[in-house]
Amino acid sequence: MTVSAARRVGRTLLVFLVGCAAIPGVVTAGATQARAAPGACGGATPAALGAFFDSRLPERLRESKVPGAAVSVAAGGTTAFARGYGVADLERGVPFDASRSLTRIASISKLFTWTAVMQQVEAGRLDLDADVNRYLTGFKVPATYRQPVTLRHLMSHTAGFEDVGVGIAARDVVDVAPLDRYLAAHMPARVRLPGVVSAYSNYGAALAGHLVAQVSGEPYDRYVQRHLFDPLGMTHSTAAEPVPPGLAGDLARSYDTENDPPRRYPFIFDRMPPDGSVTSTATDMANFMNAHLHGGRFGERRILSPETTGRMHQRSFSADPRLDGYAHGFRERTVNGHRVLMHDGGWEGFRSILMLVPACDLGLFVTTNSPGGGAEEMQDLIDEFFDTFAPADGTTTGARDATGAMVSTARSAAPLAGFYKPTRHNMSSIEKVTTLLAPARLTVGRSGAVHFRGREWLPQGDGLYRAEDGERLVFLAGPDATRYVATDTSAAELMPPAETLPVNLAALLALLLPTLALLARPLAALVRRISRRPAGATGSWRLADRHPARATGSWRLARGLAAGAAVLAVVFLVGLAVTLFGDTGDFLYHVPLSFTLLLAVPVVALVVGLAATVLTVRAWRGAGAGLVARIHQVTLLAGLTAVTWFCWQWNLLGWQFP
């Protein structure tokens, strides 16, 4: 494998191990394209695969502090290899078994949802290009834009929904509402025209699963069991939560191994099952891979016709024809010249990845029961796997079929420097503030080179840029003139100046500096006491009124209220920082009471600040206040205004919950 190809596959594993899928944050990433080194197919025999993984995986697990893993490889229409390594349950000392140890495969579950959609398309009950509202009965997707949302949009994550991560999980099954009720009550806002750019959406996948249930007349978990697991012989798999009693005894446990001793993760219920509820084994997943590699057939049974399988594997969307995109729910990647269809997932401490190389009749599934502490060791494993069993040579394989692919409605644009945020973000609730934590600055050098996310992208002509590792980048302008930058692995949106970090830091400093100045008087008094100097000896620069006896009661009250509002605002900002940079795990289930109470602070500060402003205006002429005190009062009120704007901008005024 070339150095660039190794790095590209490494990024696939980095996201796989660090976290993705149903939890907010970057979801899928992967190996990008290397057209210059088309690929060949290696000898994925049982003996070769066994020797490969046995000599590498146990050591990688130890180095990564991962208790256990399971691997399966589909090749030649069979399960060429399946084996467990390490421990599936530390407390009971149960070894990982590829055919028995069940793991939560998280967002790889979406591939079952998308396959179910294609089954219903094949049956004529669903149309990929019809308005989804045609099939919805209990609720409708609002007509925010003239263009309707279609299943093709849902499968390529281009429906334009904002992202929601708060309250998507539950600790107990009694807290999981029926899917239709949950989807109706928690529909995210449509913040972008459909078909412009991809923004990963768990809600979109859940909505697609609900459509399957509607047109088939079967609950989602039962449908997947009858129409996918049963015909594929996946006897140790389920989409139900909790895991049925007959399988629960084989459920692997996941761990946070950064703790000593390792802390076990609890079972987490998914409120939107079609986006990530499947629990399976490595051996069962090999059956699923073989079906997709062989035209929808597994043994004597079939889940899709060859024509529908081929259609599903065709490209369905890309932001630019020169970039990797989506193939009806699969992510496209090119490794060593091979076209790879893949998906990854992370939930509850489990991390899994599935990669298909159709031209080589090869599929790889890897699952671990801990995020671990050494992602690079596992990256190397996947790099070496492709090096050995899907190496590069001079023959082109895996050419894309873009028949019927949806073309982005965005147009090519000139490079534009600025701060960019992931297209997967929230706009309408308190979650919007997390955007501040993930901006990426993009600059354009004099030579035309683009610097973005720690890498340099060199111009290739015709608006295309390429990084050293082969990943490509383009600039786009949406129909509404919103600017985007898209790569083989992700897309980002230009942030308006008001959302950028420098502007927001300036707004916060506008309050913090005059608030800190409030300490000047008590500190000066402390210095005088220590040095036993008279009050006048400290100089004439004072925040206090020069003639306090002449200062009116209204002015003194205005000063006190402004100071109190400023202190409240600073307390809120400190609490917000502690929340954002601390343990946010509870938000997965609900907004914690502590944060709900914290949101009352800026409301109180605003009311107090308004009262201080009114009193300041009324008492200004006859205040009897010194110049410095007047200037400080104005700057303090200006700082409160800046923080009020900050809270309004990030939906922190009031209780704007998803």
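Modeller: I begin with Lys65, which counts as partly exposed because its relative accessibility is 40%, a value between the limits of under 20% for buried and over 50% for exposed (1.4 Å probe, protein chains only). The model is predicted, so local features need a pLDDT of at least 70 and side-chain atom pairs count only at pLDDT 80 or more, while totals for chains, interfaces and linings use all residues. Residues are numbered from 1 along each chain as its sequence is written, and side-chain values use heavy atoms, with hydrogens and water left out.

The side chain of Lys65 meets that of Glu258 in a salt bridge, with an N to O distance of 3.4 Å; the term stands for a side-chain nitrogen of Lys or Arg within 4 Å of a carboxyl oxygen of Asp or Glu. This pair links distant parts of the chain, 193 residues apart: Lys65 lies in the loop between helix 3 (57-64) and strand 1 (68-75), and Glu258 in the loop between strand 6 (255-256) and strand 7 (263-264). Helices (H or I, at least four residues) and strands (E, at least two) are DSSP runs, numbered from the N terminus.

By the same rule the count comes to 25 salt bridges, and one of them joins the side chains of Asp163 and Arg424 at 3.1 Å, N to O. Here the partners are 261 residues apart and again link distant parts of the chain, with Asp163 in the loop between helix 5 and strand 5 (169-170) and Arg424 in the loop between strand 20 (418-422) and strand 21 (440-444). Both Asp163 and Arg424 are buried.

Another salt bridge is formed by Glu471 and Arg455, whose closest N and O atoms are 2.7 Å apart. Glu471 lies in the loop between strand 24 (464-467) and strand 25 (472-477), whereas Arg455 belongs to strand 23 (residues 455-461), so this pair ties together parts that are 16 residues apart in sequence. As for cover, Glu471 is buried because its relative accessible area is 0%, while Arg455, with a relative accessible area of 23%, is partly exposed. Salt bridges that share partners also join Arg56, Arg60 and Glu384 into one network.

The remaining pairing to describe is of another kind. A disulfide is a covalent bond between the sulfur atoms of two cysteines; the cut-off used here is a pair of cysteine sulfur atoms within 2.5 Å, and a search of the whole structure with it finds 1 disulfide. That link is formed by Cys41 and Cys360, with their sulfur atoms 2.0 Å apart, and it is left-handed, with -85° about the S-S bond. Cys41 lies in the loop between helix 1 (3-18) and helix 2 (46-54) and Cys360 in the loop between strand 16 (350-357) and strand 17 (362-368), and the pair links distant parts of the chain, 319 residues apart. The two cysteines fall into separate classes of cover, since Cys41 counts as partly exposed at 43% relative accessibility, whereas Cys360 counts as buried at 14%.
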